[in-house]
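Me: I would like to go through the terms used for this model one at a time, setting each against its definition.

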Amino acid sequence: MNLRFPSTTIHSTAHAAGGLIVDSVSFRYAQFALAPLCLEARAGELTAIIGPNGSGKSTLLEILSGHLKTVAGGVYLDGQNLHDLSPRERARKVGLARQETILLFSFEVREFVRQGRHPHLGHSLFESPEDERWVEWALEKTCLQEFARRRVMEMSSGEFQRAVLARTLAQRPRLVLLDEPTANLDIGYQVEMFRLLRELARSENFVGVVVTHELNLAAAMADHVVLLHAGQCLRQGKPEDVFQADLLSQAFRTPVLVDRNPSSGRPRVTWVAP
Amino acid sequence: MSISSTRKNVLLLLLALIAALVVADLGALALGGVHLSLGEVWSGLLGRDSASQAAAIVREIRLPRILLAMLVGAALAVSGTGLQALLRNPLADPYVLGISSGAALGAILALWVGGRLAAASPLTAFAGAVLTMSWVYLLGRRAGRLSSYTLLLAGVVTASFLSAIILFVLTLLSTRDVRGTAFWLMGDLSTVPNVQIRLLFPAIAIAILVLYGFSKDLNILLLGEEEAAHLGVNVARVETAVYLLASLLTGLAVSVSGAIGYLGLLVPHLGRMLVGNDHRALIPTAAFGGAIMLVLSDTLARTLVAPAELPVGAVTAVAGAPVFIYLLRRTSG
């Protein structure tokens, strides 16, 4: 079932608060099409995009970053169309943290995070003292100060993901997009990553959008959830509205139960034993 | 050990490298078929006592040769560094994209035709380099822009094809010409007239400086083309520029002195071990490191079997391989 906000409602609310508006974007690859989608994500909030494999989550994230040109529709951040910006201007506003392969070339953590300042360097070849301050800030927010001189290749997956997040934060973006930031992380790191994202979204007032397979983390930590299926938005809204057993069972092709997590009061998904 | 690439640290590093280069140069001016004292070198440089044989040796023979060694060494090392970033492969060297094969073919064809054209072999070599560079560029594009992967394949294929043609032409040359060619193919600094050195200096210096201007972009390019685009790098423009500059540096170096081996691979590696992967520090380190290394190698080439000379490429190869093996053992240990 498609749920679409009429265009006028989206523009009036999110414009005032500052945020991301996705207005009827559609896209197609050879074998796959993303149907006209509308979505809204507010600044200071964490929005989770969930859905089965192949539902178009990563494609949507690429579209939200402004890098993938849509067939129709537009992506507006704080009222500005992301396609109107040059890649450098866009990189100053939008940070995209994806699954990274560890490089053949090693960098220290501080050098790695410093790369996030690149969009802000302008014509200068070196970072200014202010750039260095933001690098320190990003390291501090992700608790990586002791790791600053460590080589990136020597870190564990959890620490490396934090470094990727730190680099994205160093960009000081208004929109932070993360593609499965908790893949390959243990449950402790998973919880910590989501908690950190939610806290940072609030304190720095950026729009946080996370694509994730961790349904329960999304339910517990996100303010707004978007459920995709076969290139369409099945439902979006508060976790309570989206996490409905019949909807999830249909989307993920396996029967699930939805009850309440006793500690958080948020929805909790459990799969039915076969 | 890695330094933080701030403006101040890079300046200090440059000063240290310049000092090392000066020391190497003074040594190279003093040593050779005829050994000179430092005093003779100094007065030769300052232009005093211009009639003496020592001053003539210093100014007419050794100084241009050392300048050439510095230029070619710097060009090859910086080209290697740039290509390693472009191809995101620390094993790339300046010859992997076929430029040296194109230049060699240009030189060898001139020798084969003989006569006046043989004397112009640096020009034909450079023409060969430029043609190969353009050809590989066109082959290395995918969906209208450079792709590191396609570029590497295009270069390797072209290099091996041109090598086959070179071998074929070699069979058509007289024995005397073949020996001359072998000397050139290995790398030889002894046959370059001063006028070429004077032309080479601004060309190589400017190319290196312009490439240095792309340092911060090269750092980001190491992350991958998509990641770099997401951080605001104009990937197409940077890749094309770096390709042109690195190829130009290789073409200039190889056209005058043949394919001197190991420098373009070894010096960037040593540079990375010393200063890390930040190109703002790495490119100057590679430039000066390459200059120092070739000056030292050329001094050895001139003194080991004096009064005869070895081709400098033989020295870099014989010395380079063990150094490289040692580095390999150290880093994988």
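Me: How many residues of chain B are in contact with chain A?

Reply: This is a predicted model, in which local features need pLDDT of at least 70 and side-chain atom pairs count only at pLDDT 80 or more, while totals for chains, interfaces and linings use all residues. Residues are numbered from 1 along each chain as its sequence is written, and chains are lettered from A and ligands numbered from 1 in the order in which they are written. Between the two chains, 19 residues of chain B are in contact with 19 residues of chain A, contact being C-beta atoms, placed from the backbone, that lie within 7 Å. The largest share of the chain B side, four residues, comes from α10(B).

Me: Why is strand β7 (residues 175-179) of chain A called largely enclosed?

Reply: A residue is buried if 20 or more other C-beta atoms lie within 10 Å of its own, exposed if 12 or fewer, and partly exposed in between. Four of the five residues of β7(A) are buried, so the strand is largely enclosed by the rest of the structure.

Me: What makes β7(A) and strand β8 (residues 207-211) of chain A a pair?

Reply: Strands pair if DSSP finds at least two bridges between them, and five bridges join β7(A) to β8(A), which run parallel; among the partners are A:D179 and A:V211. Strand β6 (residues 94-97) of chain A also pairs with β7(A) in the parallel sense, over four bridges, and there A:L96 is the bridge partner of A:L177.

How values were computed. Helix = DSSP H or I, 4+ residues; strand = E, 2+ residues; numbered from the N terminus.
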